[in-house]
Amino acid sequence: MCDQIVLVSADSEARRVRLTLRASLLGVALSAFFTWFDFWVTGYLFHAVAEGSFCVLLSWLAWGLYRGHGQRILPLLGVVLAGVLLAVLSITGEAGDGVLIWAALLPPLAFFVLGLWLGLAVSLGFCVVLVSILWLRIALDPGFGLNWLAMVNGGGALLASTVISLLYEHSRAHTARRLAHVANTDPLTGVANRRGFLAGFACRMTLAQRSRTPVSLLLFDLDRLKQLNDELGHAAGDAAIRHVVRVIQGLVRRQDLLARLGGDEFALLLPDTDLDGAATLAHKLRETLARAPLEMAGCTRALTLSIGLAQAEPGETDYDRLASVADRCLYRAKEGGRNCVVDRC
Ligand SMILES: Nc1nc2c(ncn2[C@@H]2O[C@H](COP(=O)(O)OP(=O)(O)OP(=O)(O)O)[C@@H](O)[C@H]2O)c(=O)[nH]1
């Protein structure tokens, strides 16, 4: 639930809802115009009534989205309404063959507003329902104002626009996931970077607040990386950073959040863990790393960590205070000679 990609996709869902609200407002303006146009200029009363009803329903939908209600169900309702309107226009045949082509607008709208799977379901459902009703009408009533050729053209356009929208939405969603991954991940180690950590932090703290469980933070820093870089080269320093991450990943739980904040500084957020539990884990990390030396550039080096700890206050969701306590402890660990854990400061 607190996965960074999930968080970013929730963010893009919120953006989608905002765009849907704007599109609805545009739809309100357009349908109001066509209601007036068909009522006063063309005299198509049936169309004027349909467009007027659409305008009222769309205004209600836009108002709901504006108030932040039903952000899942209202967009679906909006697309279904648009489908019904397009189907009614196409099925009546009053405006002739040409109007069927407007049905091809529904798939792009559905994919944009509802995303990949719901968009696909609604688009295919619309294709099946519309084509079946039109086929029945043509079969039962040869005088109906639509011919087979118009039907094949309209059905083809509808199917083509479904396939194009599907391909587009699939590639858009893939690119969004990829970008989210790159933006939130440290390329050297594959764990979260500072940005990913802060997103995951906010989500875990909110869950902990709800469940009233303790959360602790470890800040740790690899000891004497500069010296290692100078002696064995930058590639060996990189290997040391990756080794630390590998060792720690073997010791933490799925719900813990490990991140490289920058350079040789790391953070580990431990949900459902108090300060004593965090201190036990911190000692284990330090000892395990010290017992797992890394072979690099032809020699074996034991790596050590300095670790500072802090436990969040009940109800606390702010990163800065928690990080400043853990950072103070980390500073003391470095001052105290490195390769140690400081849990109270
Ligand atoms: N190889 C490598 N080195 C890095 C990377 N990022 C930062 N560094 C180096 O890591 C060193 C970190 O230095 P410090 O944390 O100040 O000090 P330290 O040598 O680790 O010593 P203490 O932290 O005081 O124990 C700097 O020399 C940085 O240039 C990286 O991605 N790869």
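Which residue has a polar backbone atom 3.3 Å from an oxygen atom of the ligand? Select Leu-222: its backbone supplies that atom. The model is predicted; local features need pLDDT of at least 70, side-chain atom pairs count only at pLDDT 80 or more, and totals for chains, interfaces and linings use all residues. Residues are numbered from 1 along each chain as its sequence is written, and side-chain values use heavy atoms, without hydrogens or water.

**Stop 1: the ligand**

An N or O atom in the Asp-221 side chain is 3.1 Å from a ligand oxygen. Next, pick Arg-338. One of its polar side-chain atoms lies 2.8 Å from an oxygen atom of the ligand. Taken alone, the ligand exposes 650 Å², and the protein buries 66% of that. These areas come from the Shrake-Rupley method with a 1.4 Å probe; for residues, only the protein chains shown count as cover.

**Stop 2: the shell**

Now select the 16 residues that surround the ligand. The closest are Lys-226, Asp-238, Arg-260, Asp-264 and Arg-338. By class, the shell has nine charged, four polar and three nonpolar residues. Charged means Asp, Glu, Lys and Arg; nonpolar means Ala, Val, Leu, Ile, Met, Phe, Trp, Tyr, Cys and Pro; the others, Gly among them, are polar.

Color by secondary structure. Strand E1 (215-222), helix H8 (225-232) and helix H9 (234-249) each give two or more residues to the shell. H9 gives the most, with four. Helices (H or I, at least four residues) and strands (E, at least two) are DSSP runs, numbered from the N terminus.

**Stop 3: annotated spans**

An unreviewed UniProt entry places "transmembrane region" at several spans, including 73-91 and 111-136. Such annotations may be inferred rather than shown by experiment. Select 73-91: 100% helix, 0% strand, with end C-alpha atoms 26 Å apart. Then 111-136: 96% helix, 0% strand, ends 28 Å apart by C-alpha.

**Stop 4: Thr-273**

Go to the loop between strand E3 (265-271) and helix H10 (275-290); Thr-273 lies there. Is Thr-273 buried or exposed? Buried, at 11% relative accessible area (buried is under 20%, exposed over 50%, partly exposed in between; 1.4 Å probe, protein chains only).

**Stop 5: cysteines**

Finish at Cys-340, which is partly exposed at 21% relative accessibility. Its sulfur is 11 Å from the closest cysteine sulfur, in Cys-329, too far for a bond. The disulfide count is zero, with a pair of cysteine sulfur atoms within 2.5 Å as the rule.

Conventions. Near = heavy atom within 4 Å. Polar contact = N/O pair within 3.5 Å; in protein donor to acceptor, adjacent residues only side chain to side chain.
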